[in-house]
Amino acid sequence: MKVVLDALCMDEKEQAHRYLKEKLGLPDYCGSNLDALYDCLTEKEEMEIEVENRELAQDYFLRIWRVLLDASGENEGLQVIG
């Protein structure tokens, strides 16, 4: 499964976690924090995540980017493309 994310939609914490839950199909029990995001991503089976506008984003997205990379290092089924 391939998902395309827009980094510009993830600069504010609450907005970012709503956006990620919707786009990535994260379960309802996934909390709105970076630790929960990491946990849910490491449980995903096969997923390719492409991030657009990464070079324009800032603030909270930079923390999300690190989580995406860390989770892909832990989960062989998760690929992150920036």
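User: What are the ground rules for the numbering and the model?
Analyst: Residues are numbered from 1 along each chain as its sequence is written, and side-chain values use heavy atoms, with hydrogens and water left out. The model is predicted: local features need pLDDT of at least 70, side-chain atom pairs count only at pLDDT 80 or more, and totals for chains, interfaces and linings use all residues.

User: Why is Arg54 called partly exposed?
Analyst: Buried means under 20% relative accessible area, exposed means over 50%, and partly exposed lies in between (1.4 Å probe, protein chains only). Arg54 has 33% relative accessibility, so it counts as partly exposed.

User: Where is Arg54 found, and what is it in contact with?
Analyst: Arg54 is in the loop between E2 and helix H3 (60-74). Helices (H or I, at least four residues) and strands (E, at least two) are DSSP runs, numbered from the N terminus. Contact means heavy atoms within 4.5 Å. Leaving aside neighbours within four places in sequence, Arg54 is in contact with Ala7, Phe61, Trp65 and Gly82.

User: Which class do Asn53 and Asp59 fall into?
Analyst: Asn53 has a relative accessible area of 25%, and is therefore partly exposed. Asp59, at 53%, is exposed. The place of Asn53 is in the loop between E2 and H3, and Asp59 is placed in that loop as well.

User: What makes the phi of Asn53 and of Asp59 worth noting?
Analyst: Most residues other than glycine have a negative phi. Asn53 is not a glycine, yet its phi is positive, about 65 degrees. Asp59, also a residue other than glycine, has a positive phi near 50 degrees.

User: What makes E1 and E3 edge strands?
Analyst: The open sheet has 3 strands in the order E1-E2-E3, with parallel pairing. E1 and strand E3 (78-81) each pair on one side only. The twist averages 20 degrees from one strand to the next. H1 packs on the sheet, touching E1 and E2, and its direction makes about 160 degrees with that of E1. Axes here are lines fitted to C-alpha atoms, for helices over the stretch in contact, and angles run from 0 to 180 degrees between N-to-C directions.

User: How far apart are Arg54 and Asp39?
Analyst: The C-alpha atoms of Arg54 and Asp39 are separated by 22 Å, and the two residues are 15 apart along the chain.

Notes:
Pairing = 2+ DSSP bridges.
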